[in-house]
Amino acid sequence: MPAQPSDPIVAVATAAGRGAVGIVRASGRDLTALIEAVCGRPLSARHATYLPFLDADGQAIDRGLAIHFPAPQSYTGEDVLELQAHGGPVVLQLLLARCLQAGAQMRLRLAEPGEFTQRAFLNDKLDLAQAEAVSDLIEASTEAAARSAGRSLSGAFSNEVGVLRAQLVELRMLVEATLDFPEEEIDFLEAAKARQRIAAARATVDAVLARARQGVLLREGITVVLAGQPNVGKSSLLNALAGAELAIVTPVPGTTRDKVSETIQIEGVPVHVVDTAGLREGADEVERIGISRSWAQIEAADALLFLHDLTRRGEAAYEAAEAHIQARLPAALMQGGRLVHVHNKVDAAEGLALVQAWAEVNAALPAALPAEPIAERVKAAAPTDAADAVVLSAKTGQGVAALRTGLLELAGWHAQPDGVFIARTRHVQALQRTREHLAQATALAEPAHAALDLLAEELRLAHDALGEITGAFTPDDLLGEIFSRFCIGK
Ligand SMILES: Nc1nc2c(ncn2[C@@H]2O[C@H](COP(=O)(O)OP(=O)(O)O)[C@@H](O)[C@H]2O)c(=O)[nH]1
Ligand SMILES: [Mg+2]
């Protein structure tokens, strides 16, 4: 018989590698036989018992704590056994193998990624948004992301969705109850204040949507690519941006921490900063490979920092190369306001270059003003609001703080010290669909062309879209996809 979703499962629950403690965890409908075999005796519920973990010959593999969480009071809602052993990879593999052997009769098998949490979801221990928050908490790359994942896990997001759902349920009941009396449609809409109720639901969905968008930002962050000619200061700016935070950041998933990219955080928002090979013509074969990779990274960027060297302004070759790069920049980046011109090396620049740069970041100042006083002002310049051009020095750090603020704005972050819950793109999409159906519903509730049956259908669709967030209406393949991204043992 093939593996069944209901078979008991087991996995090492702690991270690979050596540690003080390592945990093997099993979950199933009835683990009595497994407990008897590995622990040599029954365990009292939710009590830690120090004992030897036994192999098939009754010899101790290791000694540690065993805890039995009888169903349904456990993480998965099933019988759960936790064996806390010494945290060595070999010990844990021995213990895991022993469990599989001892549980063969009951069809105990290795857990798939996320399968423990999936069972918690299927047994109504968590809704889907909470289950996702488990993974997001584990994956969180900043403190703010971790805290907001904690809020989602404890149900903050689900509760807001629940409030909205209650509004929709009430509306649907009213509308569907009136469907049988078509001649009273208009009266009904008035009497039930249907339009006001729809408007209230729309206001709620807008509020939840705004917060969910912030949550997505906290979870996913933005990818900012540094590009420009060789030697304009890209790598220096990466270091300046990373600055003192290097110690508490984690690398972008999938890349090694080779100084080519760093994840920094700005007010808790993860910002993945990617350094690229300098763009130029006439490079040799090897360099050309690097340059074509730079262009690929530019295409994929959420925001592009196009670096310019103020000390080389006016040099014919430099300017020609700038124009060449500018012409190739993806239109989408420029139209979306996601291109920031960074005029670097302000500490070493002088004269006209400064005047022009300043004129670009602050169009209010005419470029033709006498050079020197302006140059002084630029050197001491306060941060500007302009997000699309900044003057800075990667060397001295002047203007870098303004750039960081600009990046947050560009990302669409509104400081909300508390109350942000983690969210995913699929949540935002579901909320958007809810919103669209409510907009349709508004039109259908207008006295001039009120159509109750169509209105009822739009409300049902809005309700279903909302249900996808918490898992009330979620296709199985989506569930599979969500849980497969978890780590093994969770
Ligand atoms: N004076 C000054 N020099 C800088 C600044 N930023 C970078 N440099 C220098 O410019 C040169 C090239 O910098 P680098 O970061 O390697 O440029 P990249 O090729 O674009 O990565 C180095 O000698 C840096 O020290 C700056 O803000 N001011
Ligand atoms: Mg470099």
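Reader: Leaving aside its neighbours within four places in sequence, which residues is Ile 298 in contact with?

Author: In this predicted model, Ile 298 is in contact with Val 225, Ala 227, Leu 279, Leu 304, Pro 330 and Leu 333.

Reader: And where is Ile 298 placed?

Author: Ile 298 lies in helix H10, which covers residues 285-300.

Reader: Is Ile 298 buried or exposed?

Author: Ile 298 counts as buried, because its relative accessibility is 0% and the cut-off for buried is under 20%.

Reader: Back to Pro 330. What separates the C-alpha atoms of Ile 298 and Pro 330?

Author: A distance of 8.0 Å separates those two C-alpha atoms, and along the chain the residues are 32 apart.

Reader: Zooming out, how many helices and strands does the protein have?

Author: There are 18 helices and 12 strands in the protein.

Reader: What share of the residues is buried?

Author: Of the 490 residues in the protein, 47% are buried.

Reader: Among contacts between residues at least 6 apart in sequence, what percentage join residues at least 24 apart?

Author: The figure for the protein is 69%.

Reader: Now helices. How do H16 and H17 cross?

Author: H16 (residues 425-444) and H17 (residues 452-470) cross at roughly 170°, and their axes come within 8 Å. H16 is therefore roughly antiparallel to H17, as angles over 145 degrees count that way.

Reader: Is that crossing left-handed or right-handed?

Author: H16 passes H17 in a left-handed crossing.

Reader: Which residues meet there?

Author: On the H16 side they include Ala 430, Leu 431, His 437 and Leu 438, and on the H17 side they include Leu 455, Glu 458, Leu 459 and Ala 462. By class, the contact of H16 with H17 has 13 nonpolar, 4 polar and 4 charged residues.

Reader: Next pair: at what angle do H1 and H2 pack?

Author: H1 (residues 32-39) packs with H2 (residues 89-102) at about 130°, and the axes are 9 Å apart. H1 and H2 are therefore oblique to each other.

Reader: Which residues make the contact?

Author: H1 contributes Leu 34, Ala 37 and Val 38, while H2 contributes Arg 98, Cys 99 and Ala 102. The contact of H1 with H2 divides into 5 nonpolar residues, 1 charged residue and no polar ones.

Reader: Left-handed or right-handed, as H1 passes H2?

Author: The crossing of H1 with H2 is right-handed.

Key
Residues numbered from 1 in each chain as written. Chains lettered and ligands numbered in written order. Predicted model: local features only at pLDDT ≥ 70, side-chain atom pairs only at ≥ 80, totals over all residues. Heavy atoms only, no water. Axes fitted to C-alpha atoms, helices over the stretch in contact; angles between N-to-C directions. Helix = DSSP H or I, 4+ residues; strand = E, 2+ residues; numbered from the N terminus. Parallel < 35°, antiparallel > 145°, perpendicular 65-115°, else oblique. Left-handed = near helix turned anticlockwise from the far one by under 90°. Contact = heavy atoms within 4.5 Å. Nonpolar A, V, L, I, M, F, W, Y, C, P; charged D, E, K, R; others polar. Buried < 20%, exposed > 50% of the residue type's maximum accessible area, 1.4 Å probe, protein only.
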